[in-house]
Amino acid sequence: MKLLFVAAFALFVFSTFDKADSSAYDKIVFHSRVRARKEGPNVCALQQVMGTKKKYFSTCRNWYRGAICGKKATVLYECCPGYMKLEGMHGCPAVAPIDNVYGTLGLVKATTTQQYSDISKLRPEIEGSGSFTFFAPSNDAWELLDETMRSGLVSNINIELYNALHYHMANKRLSTKDLKNGMTVTSMYNDLGLQINHYPNGVVTVNCARIIHGNQVATNGIVHVVDRVVSAVGNTIQDVIEIDDDLTTLSDVALSAGFLEKLGQPGHYTLFAPTNEAFESLGSGVLERLQGDKAVLTALLNFHLLDSVQCSEAIMAGTSYETLEGNTIDIGCDGESLTVNGIKMVRKKDIVTTNGVIHLIDQVLMPDSAKQVMELVGSSQSMFGDMVSELGLSAAMRPGTEYTLLAPINAAFNDQVMSMDQSFLKIILESHILKRKIVLGELFNGQLLETIAGRFLRVFIYRTAVCIENSCLVRGSKEGSNGALHLVRTLLKPAEKSMFEILTEHRGFKIFLSLMEAAGLTDLLKQEGDFTLFAPSDKAFAGLSERDLSLLKSDMNALRTILLYHINNGIFIGGGLETGVTNLLKSLQGSNLRVMSANNSMLVNSVHVPESDIMATNGVIHFVNQVLYPGDVPVGSQDFLMLLKRLITYMQIKFISGFRYQEIPLTFLKRIIIQKVPDITKVTRVIEGEPTITKVTRVIEGEPSITKVTRVIEGEPSITKVTRVIEGEPSISKVTRVIQGEPSITKVTRVIEGEPSISKVTRVIQGEPSITKVTRVIEGEPSITKVTRVIEGEPSITKVTRVIEGEPSITKVTRVVEGPQFSVTSHTANFGTGEFDVSNIEGDSETLAEFIQEGTSSRRTSSRRVLAGNRRRGRV
């Protein structure tokens, strides 16, 4: 018993190691044996395509589909390679006898090859000593061979037939597990190579001839039966293109792109070669455009080339393969025909070369990278493409300019959309065309995309979705030569108004807006930002009385807690939510909102959202008909609890006696600061003297400022007026000070009487934005000299007027200060007095009079010096 266990364990270990070292072909034969185990030992299940003689060891995929290359397949049970039936016994219990290669040909029913080996004098060699591998064509394979070629071989048996059979042989024993994908086996005819491909589906080919019965062991080698006669190979793909009359256009195009030489290099390629007729079907304009852009032409050619050898016999179902251009094509089969992207376009298949295989096709495969942006529009977006063309938007796209199309799928164009006025629909579709090329990988959250109409669209990136405004992208983005295309689920609705404007115009959210105003939160709906608002409609507050609303507004912290729970920071639209799970959105109040999206509907805290994705310039609004409340926040008042129970029916609210709502810092509110126009001050100074007049004007202009000396300060309309009059011997002095409040005007008038001479000097300085202009006027005897200095500037203008009269001259100084807020300092001088400051005098008129009397005591001692000083300053 112990020995039996050891033997069984050893058999298991050896079989495990054998399977680990086995090839795809060996594995598929093993699975075929498992499927046929009910039929007895060593029986394999095969599938035969109905109406043909083609049989395959079936893969799981084909077995369960019951079809091969789209054709129904029947199940056959045959002895697995190397086994035989015995009369009266179940299954295939006998091991096939081992003979030399020649005898084994008869055993595997390759009798035609056995016959040709006999008449071509090959028999002695394959009966003798050695270690050979014979890829023996089946009887059906010889029948499929072109009759002319077959007659030529048979008629020259000593040379052509002998060499042809030698080309099917290798001077080395090679089982299927030794036949590696991509290897080249040296044949026994002139050392020409046999191209081996071993595919994952268990198919093994020799120069694209499929091994249909492998690993039949002989005493001097091994025999593999193949399904066609193998022809010698000596040309590269480049050689075939250059000599085939059906491929002259392809040869010219490949040569102009610098691509032809690549096809002559060693490798393992599959070329889907368009014929001359295929290129003609493009039209001359398209072909010229392609040839005018070497990069586009190279992409086009690379799209026809695979970096692997795909023989037709290895293709049993549709499979995607990556091209050298980077995108994929689907290669399949329909009965005996090969298909590319589901289309029967292969006219000739399996032209084997030393560096790959060629399949001739009657259509040019156009990659997206070689297409113009409008050519990227597919069948699922055909309505978008038609509308863009009909409304003239495609004609407006300039040649050589890059664009991006945001193409809605056909389902977005419902009856309501199609019944729109065409001018309005054109405006909508303009928002689906971007000014520049933007591929999927360049999109980021918060990005602004400019449309051809000058509008900006916002990009939102979520865990499982990329969305633009209210619509999310679906799989199928493409990149063309002058643009890109992204598929969207619905028509885009760019935001035009703020949340406050939308809710106000809707007129169904009056109570919510009034509560926001009572809570001091209205600015939140107006300010810039990215918010998501679950806005409770007036229906949510149905049945509340004015007393109830007053109670709701009575506790500011409670009101803000409820309102801010409806708002969260960030824009979340329905398509951006992950379906089938709970999406947690943190509200501005601090607690999470639980949002779910399923079956094109949205729930928030189990409350249905009847209308969603109303885009605003500062966020998105979802309408709800119930008030939401944070489940982790209790209520401390019975009256407030009863009120909330009438508002909130989807949950139980906790009650904790004496609970007080916490104040929520309003850090998310933006402060708006309005700056007023700066103060304007204007100063005018006039000195009068003898009646002669001398005028000097000086203008200085400059870039880039304007400065004007005019000082005017305005404020509130309060007015304060102070008048000071000093009479002397023989002069009269009068001082008037006027101060106005908000807006205030302060005016100081100083009158000094003296000689009748008048001096006037005017100086103006202006500039762009600084201009300085000076005008100086001096008059003689009786002269008048007037000096006016005006400096204009932004933001201030200062104006000073000063009049001094001599003996009996009059000097008058006026200073006007205007502005919203100011501090005034006024220096005023009389004849015979020094300069003293009246701006600091506070109190009534008596106090001012006392101050003036004190000032007059020193007036006479310094009058000449002051007048001289004033004159000197007037000439500046």
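What follows is a short walk through a helix pair, a sheet and a few single residues in a predicted model. Residues are numbered from 1 along each chain as its sequence is written, and side-chain values use heavy atoms, with hydrogens and water left out. Because the model is predicted, local features need pLDDT of at least 70 and side-chain atom pairs count only at pLDDT 80 or more, while totals for chains, interfaces and linings use all residues.

Start with the helices. Helices here (H or I, at least four residues) and strands (E, at least two) are DSSP runs, numbered from the N terminus. Two packed helices are described by the angle between their axes and the distance between the axes. For helix H21 (residues 546–554) and helix H23 (residues 638–647), the axes come within 11 Å and cross at roughly 115°; axes are lines fitted to C-alpha atoms, for helices over the stretch in contact, and angles run from 0 to 180 degrees between N-to-C directions. Where the two helices meet (contact means heavy atoms within 4.5 Å), H21 brings Asp548, Leu551 and Leu552, and H23 brings Asp639, Phe640, Leu643 and Arg646. Sorted by class, that makes four nonpolar, no polar and three charged residues; Leu and Phe count as nonpolar, Asp and Arg as charged.

Next comes an open sheet of four strands with mixed pairing, in the order E15-E14-E21-E20. Strands count as paired if DSSP finds at least two bridges between them. Strand E15 (305–306) and strand E20 (346–353) each have a single partner strand, so one side of each is left without a neighbour in the sheet. Strand E14 (residues 269–274) and strand E21 (residues 356–361) run parallel, joined by six bridges, and Pro274 sits opposite Ile361 in E21.

Then there is Arg210, found in strand E12 (residues 209–218). Arg210 is buried, at a relative accessible area of 6% (buried means under 20%, exposed over 50%, partly exposed in between, with a 1.4 Å probe and protein chains only). Leaving aside residues up to four places away in sequence, Arg210 touches several residues, including Lys55, Tyr56, Asp227 and Glu313.

Arg507 lies in the loop between helix H18 (499–506) and helix H19 (510–518) and is exposed, with a relative accessible area of 61%. Asp613, by contrast, belongs to strand E35 (residues 611–616) and is buried at 18%.
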